[in-house]
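Colleague: I'm new to this one and would like to learn how to read it. Could you walk me through a few features?

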Amino acid sequence: MNIYDAKILGLPRIEDPRGNLSIIEQLKQIPFEIKRVYWIYDVPSGMDRGAHAYKENQEFIVALSGSFDVELDDGKSRQIFSLNRSYFGVYVPKGMWRTMKNFSTNSLALILSSTQYDKEDYIMDYEEFKQWTQNNMRQTMSVVNDTSIKVNNPQISFSTNDGRSVFDCSLCELSKMHDVEGNLTYMYENVHVPFPIRRVFYSYDIPGGEDRGAHAHKECHQFIIAASGSFEVVLNDGINRRTVQLNRPFWGLHVPPGIWASEQGFSSGSICLVLASHGYSEDDYIRNYDDFLVYINCLLYTSDAADDK
């Protein structure tokens with residue numbers, strides 16, 4: 001890999017008076033399978049972060065709010081990518097020395113990674129990095145072919161009967177790595193969330209006091225985070241109703257399939273970040289509440305009939 005393999009990638013931007021939404025789906029908007037997601041916040045204005053390289057890990061970096069620069073170095077050439085829009089991101093191939101610079105006030109950086117954390121994958125010293133590049137230690141196998149095999153043979157599947165009560169929705173405190181250069185919260189698929197992370201999407205430019213959502217999923221699990229600002233998630237299983245407030249970037253709510261969920265009472269400048277177990281499929285959505293009640297009643301009838309056998 002060299003500096004010319006790094007590039008700015010545009011993301012879908014679904015415009016709505018209630019707020020805009022952008023989507024990142026593995027092997028569609030980005031050329032790798034998502035294994036780790038983390039976000040950096042509370043970065044002092046003008047601060048630099050990063051200054052390391054990965055031997056194998058690939059990244060996709062988005063400025064969810066504010067702005068910052070991503071400086072990449074392949075050992076021979078350097079290039080700076082400026083990020084200041086939520087619907088653009090920079091793809092960082094493996095083998096790049098990467099530094100994030102010039103954070104504006106209240107910046108929020110989202111990073112998707114192709115591997116879980118492995119300290120052996122890091123190169124923290126620039127001179128060591130230059131020596132590593134000269135020794136040509138990087139692997140050259142096709143990433144696309146490798147990850148495609150994994151996606152076509154998923155190791156984990158979820159039953160459509162999982163989590164049919166609002167009390168199956170879990171509010172979780174996440175890891176928060178505090179640093180004078182800014183705080184960081186991270187999540188691994190199948191570790192910090194009970195599902196593979198195949199899609200990430202986020203809502204932004206949301207007017208204060210606005211409501212969003214109001215649908216259910218048949219198969220898809222979601223994990224919802226108030227990456228910035230605050231809002232409430234209203235949960236409904238057809239019988240019970242529960243409201244959960246999210247107002248910290250290191251807290252999140254797991255919503256299993258079969259739950260009607262909506263978000264309300266957004267504060268100004270809020271960003272709703274969602275990790276999803278499935279790629280987008282309109283067939284998985286239930287957008288009408290009466291249809292949702294019919295769906296839930298059918299599931300209950302099927303379950304009762306099976307218990308009677």
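Modeller: Happy to. Keep in mind that this is a predicted model. Let's begin with a side-chain pair: glutamate 71 and lysine 101 are joined by a polar contact of 3.3 Å between their side chains.

Colleague: Where does glutamate 71 sit?

Modeller: You'll find glutamate 71 in strand 7, which covers residues 68-73.

Colleague: And is glutamate 71 buried or exposed?

Modeller: The idea is to compare the relative accessible area with a cut-off: under 20% is buried, over 50% is exposed. Glutamate 71 has 13% relative accessibility, so this residue counts as buried.

Colleague: What does glutamate 71 touch?

Modeller: Leaving out residues up to four places away in sequence, glutamate 71 touches Arg78, Gln79, Ile80, Trp97, Arg98, Thr99 and Lys101. Lys101 is the partner in that polar contact, too.

Colleague: What about the whole chain's makeup? How many helices and strands are there?

Modeller: The protein chain has 3 helices and 23 strands. Of its 309 residues, 50% count as buried.

Colleague: How do I read a sheet?

Modeller: Strands of a sheet pair through backbone hydrogen bonds, in either a parallel or an antiparallel sense. Here, 5 strands make an open sheet in the order 19-18-21-16-23, with antiparallel pairing. At the edges are strand 19 (241-246) and strand 23 (285-286), each pairing on one side only.

Colleague: What are the pairings of strand 21 with strand 18 and strand 16?

Modeller: Strand 18 (residues 231-236) pairs with strand 21 (residues 260-264) in the antiparallel sense, over 5 bridges. To see it, find leucine 235 opposite alanine 261, then valine 233, whose bridge partner is glutamate 263. Strand 16 (residues 212-217) is also antiparallel to strand 21, over 3 bridges, and there glycine 213 stands opposite serine 262.

Colleague: Is strand 21 mostly covered or mostly exposed?

Modeller: Mostly covered, with 4 of its 5 residues buried.

Colleague: Last one: which residues touch the most other members of the largest nonpolar core?

Modeller: That core has 32 residues, and Trp39, Phe60, Leu110, Leu112 and Tyr202 touch the most other members. Elements giving two or more residues to this core include strand 4, strand 6 (59-65), strand 11 (108-113) and strand 15 (199-204). For a closer look, pick leucine 110: among the residues touching leucine 110 are Trp39, Phe60, Tyr202 and Leu273, again leaving out residues up to four places away in sequence.

Note on methods:
Residues numbered from 1 in each chain as written. Predicted model: local features only at pLDDT ≥ 70, side-chain atom pairs only at ≥ 80, totals over all residues. Heavy atoms only, no water. Pairing = 2+ DSSP bridges. Buried < 20%, exposed > 50% of the residue type's maximum accessible area, 1.4 Å probe, protein only. Core = buried A, V, L, I, M, F, W, Y, C linked by side-chain atoms within 4.5 Å. Contact = heavy atoms within 4.5 Å. Polar contact = N/O pair within 3.5 Å; in protein donor to acceptor, adjacent residues only side chain to side chain.
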